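Dear colleague,

Please find below the sequence and the structure that I am handing over to you. My notes on it follow.

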Amino acid sequence: MNSKKLQNEKYHISAGAKMVPFAGYNMPIWYTSIADEHNCVRNNVGIFDVSHMGEFIVSGIESIKFLQKITSNNIEKLKVGNAQYSSLTNENGGIIDDLIVYCLSINKYMLVVNASNMKKDLNWLKKHNSYKAKIENISNSISLLAVQGPKASSLLNTISNADLSAIKFYNFIIDKISNIKNIIISATGYTGAGGFELYVSNKDATKLWNKIIQVGKKYNLKPIGLGARDTLRLEMGYCLHGSDINDQINPIEAGLDWICKKNVDYIGKNTIDSDRENNPSKKLIGFTLIEKRIPRSGYKIFNSNGNKIGTVTSGSISPSTGKTIGLGFIKFSEIDYKKSIFIEIRNKKIEGKLSKTPFI
Amino acid sequence: MNLKKLKYTNDHEWVKIEKEFAIVGITNFAQQELGDIVYVDIESLNQKINKGEIFGTVEAVKTVSDLFMPISGKVIEINEKLDSEPELVNSDPYGDGWMIKIKIEDELEIEKLLDFSSYENITN
């Protein structure tokens, strides 16, 4: 069996999904329409197969020291049952990857990383493991199904053992759903719509997917592709590694100050703290445009004098509002929410304004 | 719309011949490949454009695609409804989602267009 294959690939194909290769997997980008799927998650509930994500288990008596050295958030705040958004940063403070760290039990953690960065992250972990921590890559035996939207907990509660609405944001339990045991049920997501991420053993992934699809009928649940995942996260202003952030960008520049703690020591801390104190030269900022033309990665951003002040990293039409939205790096000295900006889209300069995020 | 009576191109446009005029749009296959269409940019009204040249662009959430003239001619009408409702190209590609009307310049070019079954072969 090909290990880089979604357990539910057959479902996606037979449901008519448009499939695209991504990080070695064949992934559904949309089933019917990005806008319909997007709105289904915002207003109702949808299920994503995001099993391409990478999962590592880090354990051992010094695992907490190890994780504090390589991640920028405060690992000591993380108790059993908590999840934490964090970043792996290099010596220059650049973001090697953003990730979620789960404390499964004392001295045992799960790291959830971006699929495209998995190998690089694993090498980085091994390189800095002077703490005899045990590092296991379990990505090829774990599937990740995300059930997202305001009706996610009502839906899952019909088949769960525990009352899932009691799980607080960025907390998790390990329990059964519909007689499938040992599912990590995490109140996290990449949509801003609420809901859960379910980490399940590959052998149970099809059973769980089918069960949720079946009970989801009553809730008008739809399967959701990566296209809507991208528009949902963009409406919230969440960064996508590889588009908005990379190992040349530090968390301060990306507006992720809150995942870099001053009172802990980690690789890259000096640059990050210095940028925090003195302001970075550029910053990731949201913007909106007055026309419905999509600002795409790499497009140039100008001020009203015609000087280039930045570059687009992500953009789309918000399916929720119909407005053109995007993220891009702007020179720190040019950040002014009142002034117009101009983005060059196929030889035309389209007017817009900088905007706080989330966009909705 | 009887799809069997339309002509097609390798670039996934359909052409409906009406005497010396031709109506042009993109096929159902094309709209499915593009996904949600958010902008149709056609600024070639009253221009004479040769076969194979670009008459506009269509912008979908994930991609931008050029639109090519299936036959040479003058663009005499554009579908203004697409300005405010570009999604018509997705929902009704052969009807309300039409794009331009052309005054045909060279009728011999019509014969070089694909018929329904030839077009079906390239999309299967």
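How many salt bridges does the rule find across the interface of chain A and chain B? The answer is seven, where a salt bridge is a side-chain nitrogen of Lys or Arg within 4 Å of a carboxyl oxygen of Asp or Glu. Before the details, two remarks on conventions. This is a predicted model, in which local features need pLDDT of at least 70 and side-chain atom pairs count only at pLDDT 80 or more, while totals for chains, interfaces and linings use all residues. Residues are numbered from 1 along each chain as its sequence is written, chains are lettered from A and ligands numbered from 1 in the order in which they are written, and side-chain values use heavy atoms, with hydrogens and water left out.

The interface

The contact (heavy atoms within 4.5 Å) involves 18 residues of chain A and 16 residues of chain B. Together the two chains bury about 1300 Å², of which 46% is on carbon and sulfur atoms; buried area is the accessible area (1.4 Å probe) that two parts lose on being put together, summed over both. Of the area that chain A buries against chain B, 33% comes from Trp30(A), Arg296(A) and Arg346(A), more than from any other three residues. A salt bridge also joins the side chains of Lys18(A) and Glu33(B), at 3.0 Å from N to O.

Salt bridges

Over all chains, the count comes to 19 salt bridges. As a general point, side chains of opposite charge can pair when their charged atoms come close.

One of the salt bridges is formed by Arg42(A) and Glu235(A), whose closest N and O atoms are 2.9 Å apart. Arg42(A) belongs to helix H2 (residues 34-43) of chain A and Glu235(A) to helix H7 (residues 226-236) of chain A, so this pair ties together parts that are 193 residues apart in sequence. Helices (H or I, at least four residues) and strands (E, at least two) are DSSP runs, numbered from the N terminus. Both Arg42(A) and Glu235(A) are buried; buried means under 20% relative accessible area, exposed over 50%, and partly exposed in between (1.4 Å probe, protein chains only).

Arg233(A) and Asp244(A) form another salt bridge, at 2.8 Å from N to O. Arg233(A) lies in helix H7 of chain A, whereas Asp244(A) is in the loop between H7 and helix H8 (269-278) of chain A, 11 residues apart. Arg233(A) is buried, with a relative accessible area of 1%, and Asp244(A) is buried at 0%. These two residues also take part in a network of salt bridges that links Asp230(A), Arg233(A), Asp244(A) and Lys62(B).

Within chain B, Glu18(B) and Lys16(B) form a salt bridge, with their closest N and O atoms 3.2 Å apart. Here Glu18(B) is partly exposed, at 33% relative accessibility, and Lys16(B) is partly exposed, at 29%.

Cavities

The count comes to three cavities of 30 Å³ or more. On a 1 Å grid over the protein atoms alone, a cavity is a set of points where a 1.4 Å probe fits but cannot get out, and lining residues have an atom within 4 Å of a point. Grid points are joined across faces, edges and corners, and a volume is the space filled by probe spheres set on the points. The largest cavity holds about 50 Å³ of space. Its lining has 11 residues, and Lys5(A), Tyr25(A), Ser51(A), Ile142(A) and Asn202(A) are those nearest its centre.

Backbone

Thr357(A) and Pro358(A) are joined by a cis peptide bond, with omega about 0 degrees. Pro358(A) is located in the segment after strand S19 (348-355) of chain A.

Ala23(A), a residue other than glycine, has a positive phi near 50 degrees. Ala23(A) sits in the loop between strand S1 (18-22) and strand S2 (25-30) of chain A, and is partly exposed, with a relative accessible area of 25%. Asn179(A), which is not a glycine, likewise has a positive phi, of about 70 degrees. Asn179(A) lies in the loop between strand S10 (172-177) and strand S11 (180-186) of chain A and counts as exposed, at 63% relative accessibility.

With kind regards

Conventions
On a 1 Å grid over the protein atoms alone, a cavity is a set of points where a 1.4 Å probe fits but cannot get out, and a pocket is an open set with protein on both sides within 12 Å along at least five of seven lines; lining residues have an atom within 4 Å of a point.
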